[in-house]
Amino acid sequence: MKLSAATVLGALCLMQASAANAVTIGDGNLNITGFGTLAAAKSNTEDARFTRANQREGTAGTSTIGLDSNLGLQATYTFSDKLSATTQILSRKSTGDSFTTELAWAFVKYKVSDEVAVRVGRVAVPGFLISDYQNVGYANTMMRPPVEMYGQMIIDNVDGLDVNWQHSFGDTNVTAQAFGGISRGKSYVSADRSDPRYQAPSAGFAIAAEHGPVTVRFAHMQGKLKATDVKPINTLTKTLTTVGFGQLANDITIADYKRVAFTSVGLLADWNNIVVQSEFGMRRAKEPVYLADGNAWYTMVGYRFGKVLPYFAHAKYDGKGSNVSAPATLARIPTLNATVKNILAPSSQSSDLIGVRWDFAKSAALKVQVDRVKPGAKNGYLSDVTPAGVGKKVTVIAAGVDFVF
């Protein structure tokens with residue numbers, strides 16, 4: 001389903017003006033809630049494009065509402081004390097040029113006991129510190145998760161099941177989650193501005209411990225990733241096979257399932273008006289594939305003055321390059337050798353951001369944020385980089401309102 005920018009903008013304005021309470025319908029078992037962000041952003045250059053993770057449009061010297069604006073609706077129907085069903089739809093700009101609406105969650109939940117629950121259907125992948133609410137701007141201090149960290153793993157959900165367990169050990173509350181299923185979606189490829197579909201049978205777990213104002217969390221997942229229509233890679237591997245480098249082509253391709261792992265550890269703290277959020281993550285290919293290994297981290301610190309919260313963050317991505325090695329004999333074909341080496345080479349990027357959040361009304365917050373992005377090798381996560389933009393720092397200014405209802 002495609003929505004025009006004007007339609008989404010109008011909807012966001014209407015939802016902002018609506019009541020801030022959840023809606024209950026009929027016998028009271030149906031509960032409808034929602035969230036959204038109405039924001040505008042602009043970068044200082046047309047020589048490079050700044051985007052969120054797995055996003056096409058972003059901003060490249062033009063003002064846009066597509067970088068950060070979204071609208072989500074969630075409905076839960078409670079059948080009994082043990083059984084419920086939840087659906088969440090989300091409208092945003094992702095791999096395409098226009099706003100699209102996707103089914104983010106759709107599951108049936110059964111409470112086995114007070115501590116154990118099972119969800120079957122489309123469930124969120126708990127890969128990151130804020131995976132359950134990364135699209136809910138109001139629930140986050142920063143305007144958007146740092147792309148250096150969240151660009152490493154673009155799988156948001158799986159069609160399968162998860163098991164959740166909660167238990168208190170004195171003043172410490174521990175939550176554990178294990179999941180398994182198949183993820184399906186699109187991945188934006190900037191080389192030819194395409195968005196090929198992928199699928200990935202995936203499984204993993206996350207465990208978090210909350211003690212007073214501090215929460216620590218560890219997560220690990222593995223998936224077998226397959227995308228048969230990544231045209232730049234398919235063209236390259238076909239050429240390699242034709243000139244006698246079939247093994248290298250098989251190593252590079254993702255047209256067959258390749259196993260990839262992602263691990264993260266995170267920290268949240270809100271103590272005496274001091275707010276800290278930090279996360280470290282690493283992606284590792286367990287089989288030969290062109291996708292680069294990498295490490296990333298960010299740290300955000302802020303201080304709350306009443307309803308106003310200024311904050312600063314630094315983020316960094318350090319690519320390790322692909323685990324595929326090109327044979328020395330490929331040097332006999334200089335152009336092809338250079339293409340392969342470029343694809344397998346590491347990339348890097350760092351950024352500093354400063355912002356302020358003002359909770360000016362119940363269930364609504366105004367944010368203003370300035371990002372200063374420093375691309376490293378292969379222009380980092382920037383896309384559409386012109387020769388004049390290579391190595392050039394990019395500044396992005398954004399302002400918007402987050403709300404829930």
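A pocket, on a 1 Å grid over the protein atoms alone, is an open set of points with protein on both sides within 12 Å along at least five of seven lines; a cavity is a set of points where a 1.4 Å probe fits but cannot get out. Lining residues have an atom within 4 Å of a point. Grid points are joined across faces, edges and corners, and a volume is the space filled by probe spheres set on the points.

The model is predicted: local features need pLDDT of at least 70, side-chain atom pairs count only at pLDDT 80 or more, and totals for chains, interfaces and linings use all residues. Residues are numbered from 1 along each chain as its sequence is written, and side-chain values use heavy atoms, with hydrogens and water left out.

## The largest pocket

The largest pocket holds about 1,600 Å³ of space. Its lining counts 50 residues, and the closest to its centre are Tyr 188, Val 189, Ser 190, Tyr 290 and Leu 291. E10 gives the largest share, 4 residues. Helices (H or I, at least four residues) and strands (E, at least two) are DSSP runs, numbered from the N terminus.

The lining of this pocket has 31 nonpolar, 14 polar and 5 charged residues. Here Ala, Val, Leu, Ile, Met, Phe, Trp, Tyr, Cys and Pro count as nonpolar, Asp, Glu, Lys and Arg as charged, and the others, Gly among them, as polar.

## The cavities

The model has 3 cavities of 30 Å³ or more. The table sets out two of them.

| Cavity | Volume | Lining by class |
|---|---|---|
| Largest | about 100 Å³ | 7 nonpolar, 4 polar, 4 charged residues |

The largest cavity is lined by 15 residues; Phe 50, Pro 146, Val 147, Glu 148 and Asp 371 lie nearest its centre. Helix H2 (147-150), strand E16 (348-361) and strand E17 (364-375) each give two or more residues to that lining. For the second largest cavity, the lining has 13 residues, with Arg 52, Gln 134, Asn 135, Gly 137 and Met 143 nearest the centre.

## The chain as a whole

The protein chain has 5 helices and 18 strands. Its C-alpha atoms fill a box of roughly 70 × 45 × 40 Å along the principal axes. The radius of gyration is 22 Å, which agrees with the value near 22 Å for a compact globule of 405 residues. That radius is taken over C-alpha atoms, and the globule rule is 2.2 Å times the number of residues to the power 0.38.

Of the 405 residues, 45% are buried. Buried means under 20% relative accessible area, exposed over 50%, and partly exposed in between (1.4 Å probe, protein chains only). Among contacts (heavy atoms within 4.5 Å) with a separation of 6 or more, 64% join residues 24 or more positions apart.

## Loop residues

Ser 194 sits in the loop between strand E9 (172-186) and E10. Ser 194 counts as buried because its relative accessibility is 16%. Its side chain joins that of Asp 192 in a polar contact of 2.6 Å. A polar contact is a pair of N or O atoms within 3.5 Å; within protein, one must be able to donate a hydrogen and the other to accept it, and residues adjacent in sequence count only if both atoms are side-chain atoms. Beyond its neighbours within four places in sequence, Ser 194 touches Arg 56, Ser 187, Tyr 188 and Val 189.

Thr 95 is in the loop between strand E5 (83-93) and strand E6 (99-111). Thr 95 is buried, at 7% relative accessible area. The side chains of Thr 95 and Asp 195 make a polar contact of 3.3 Å. Contacts of Thr 95 outside four places in sequence include Asn 54, Arg 56 and Tyr 188.

Asn 54 lies in the loop between strand E3 (30-43) and strand E4 (70-78). Its phi is near 60°, a positive value in a residue other than glycine. Ser 363, in the loop between E16 and E17, also has a positive phi, near 65°.

## A residue in strand E16

Leu 353 lies in strand E16 and is buried at 5% relative accessible area. Outside four places in sequence, its contacts include Met 142, Phe 312 and Asp 371.
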